[in-house]
Amino acid sequence: MTDLAAVKAALRTQAVETPSWAYGNSGTRFKVFAQAGVPRTPWEKVDDAAQVHAVTGVAPTVALHIPWDEVDDYAALARHAEDRGLRLGAINSNTFQDDDYRLGSICHPDAAVRRKAVGHLLECVDIMDATGSNDLKLWFADGTNYPGQDDIRGRQDRLGEGLAEVYERLGEGQRMLLEYKLFEPAFYTTDVPDWGTAYAHCLKLGPKARVVVDTGHHAPGTNIEFIVATLLREERLGGFDFNSRFYADDDLMVGAADPFQLFRIMCEVVGGGGLTSGVAFMLDQCHNIEAKIPAIIRSVMNVQEATAKALLVDRSALSAAQGSGDVLEANAVLMDAYNTDVRPLLRDVREEMGLDPEPLAAYRRSGWAEKIVADRVRGRQAGWGA
């Protein structure tokens, strides 16, 4: 039998990091759709993130993206977050929006461009020092479009050299989280295309280097939960970028396309001790046509629901069925948990935390949506442009 008190305790201590960029304008390769009330500054992004935490109770950190969230005083931004009940989370680098990076950044054939890219990554560690952030999150758009364009092995050498320099700069308690992506914008070779490549580089770097699993960065049919289980087993799972996809890197709300997959992933996280081993649970989503803050609240709730169901799996019954080779019973144990309506349980948890049991309703009643539309009428809205 599942210990319900332990399930509630785990849910109360869960933490989901929201991304600053999800509060700004985003879109497709063809168009960015602006919305009224979107933040104009990193300070306003933090204000919006505070609203998500206020109604969910489990979103205590907000990730920054540099230079999208560049400010003159990062310590002041950290204090601003603290004043609103938040902390600044992972610092995400950006080596993919500069003209110099047309042929790559840290893997570029030109040493001067590589120096520029590494310099940016080192600057991000400086920002970590100022904000008290623990994680440097790296994703590289580096790759090639045509056979023969560049030396594949040579690019891996350059990647390793650059990562090693940044790794040596990390301070006590700081980590490097290396993300991978199957393709895009490189279409022939991608320099960090899969978990195996990321894992190999992390192994060579040392224990502060971990792999990030973005749930949208896989070929159709990939068993993501196997990757999660393996990285947990090797103590190299650094975190998640949670989103959802129908086709490729869609960056839809987590659990929107395949909530059963999210449940299966969380089953491996729970079974492998990932809830208590420092794994970072981050959202990485683009809310192109839906309202930003409500979509992020809904995403946090989706993660909560998948986690609750994973915690409700009767592990003793599952182990017994697996040990006896009872295929149908083992599957039934998982399906019983997945088919449980955990919304009443989560309402109870929120009430025990002193929160409104319905986060979206609480946000709508707060008046924040109307306030930001009225207040944020001048200046340039934040967004990544297109």
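Before the first residue, one cut-off: a residue is called buried when its relative accessible area is under 20%, exposed when it is over 50%, and partly exposed in between. Please also keep in mind that what you see is a predicted model.

Start with Asn288. Its relative accessibility is 15%, so Asn288 is buried by that cut-off. In the chain, Asn288 sits in the loop that runs between β10 (280-283) and α9 (292-311). What does the side chain of Asn288 reach? There is a polar contact of 2.9 Å between the side chains of Asn288 and Ser26. Leaving aside residues up to four places away in sequence, Asn288 touches Ser26, Gly27, Thr28, Phe33 and Gln35.

Next, Lys45. Where is Lys45 found? In helix α2, residues 42-56. Is Lys45 buried or exposed? Its relative accessible area is 6%, so Lys45 is buried. The side chain of Lys45 makes a polar contact of 2.7 Å with the side chain of Asp69. Again not counting residues up to four places away in sequence, Lys45 touches Ser20, Tyr23, Pro39, Trp68, Asp69 and Ala382. Trp68 will come back when we get to the rings.

For contrast in accessibility, take Ala111, which is partly exposed at a relative accessible area of 48%. Ala111 belongs to helix α4, residues 111-131. From Ala111 to Arg158 the C-alpha to C-alpha distance is 9.3 Å, while the two residues are 47 apart in sequence.

The volume of the largest pocket is about 1,400 Å³. It is lined by 48 residues, and those closest to its centre are Phe96, Trp139, Lys181, Glu184 and Asp249. Which elements give two or more residues to this lining? They are β4 (135-138) and β5 (143-144). By class, the lining of the largest pocket holds 17 nonpolar, 15 polar and 16 charged residues.

The second largest pocket contains about 660 Å³ of space. It has 30 lining residues, and Ala15, Glu17, Thr61, Arg87 and Ala280 lie nearest its centre. Two or more lining residues come from each of α3 (74-83), β3 (87-92) and β10. The largest share is that of β3, with 4 residues. The classes here are 12 nonpolar, 13 polar and 5 charged.

The search of the whole structure finds 1 cavity of 30 Å³ or more. About 50 Å³ of space lies in this largest cavity. Its lining consists of Thr215, Asn243, Ser244, Val254, Gly255, Asp258, Gln261, Leu262 and Ile265. Sorted by class, that lining has 3 nonpolar, 5 polar and 1 charged residues.

Last, the aromatic rings. The whole structure holds 10 aromatic pairs. I will show two of them.

One is Trp68 with Phe96. Their ring centres are 6.3 Å apart and the planes meet at 85 degrees, so the pair is edge-to-face. Trp68 is in the loop between β2 (61-65) and α3, and Phe96 is in the loop between β3 and α4, so the pair ties together parts that are 28 residues apart in sequence. Trp68 is partly exposed at 25% relative accessibility, and Phe96 is partly exposed with a relative accessible area of 27%.

The other pair is Phe240 and Phe281, which is stacked, with 5.8 Å from centre to centre and 15 degrees between the planes. This pair links distant parts of the chain: Phe240 is in strand β9 (residues 237-242) and Phe281 in strand β10, 41 residues apart. Phe240 is buried, with a relative accessible area of 0%. Phe281 also counts as buried, at 6% relative accessibility.

Back to Trp68, as promised. Which residues form one aromatic cluster with Trp68? Phe96 and Trp139 do. Both of those residues are also among the ones closest to the centre of the largest pocket, and Trp68 is one of the residues that Lys45 touches.

Methods
Residues numbered from 1 in each chain as written. Predicted model: local features only at pLDDT ≥ 70, side-chain atom pairs only at ≥ 80, totals over all residues. Heavy atoms only, no water. Buried < 20%, exposed > 50% of the residue type's maximum accessible area, 1.4 Å probe, protein only. Polar contact = N/O pair within 3.5 Å; in protein donor to acceptor, adjacent residues only side chain to side chain. Contact = heavy atoms within 4.5 Å. 1 Å grid on protein atoms, 1.4 Å probe; cavity = no way out; pocket = protein on both sides within 12 Å on 5 of 7 lines; lining within 4 Å. Points joined across faces, edges and corners; volume = space filled by probe spheres on them. Nonpolar A, V, L, I, M, F, W, Y, C, P; charged D, E, K, R; others polar. Phe/Tyr/Trp six-rings, centres within 6.5 Å; stacked < 30°, edge-to-face > 60°.
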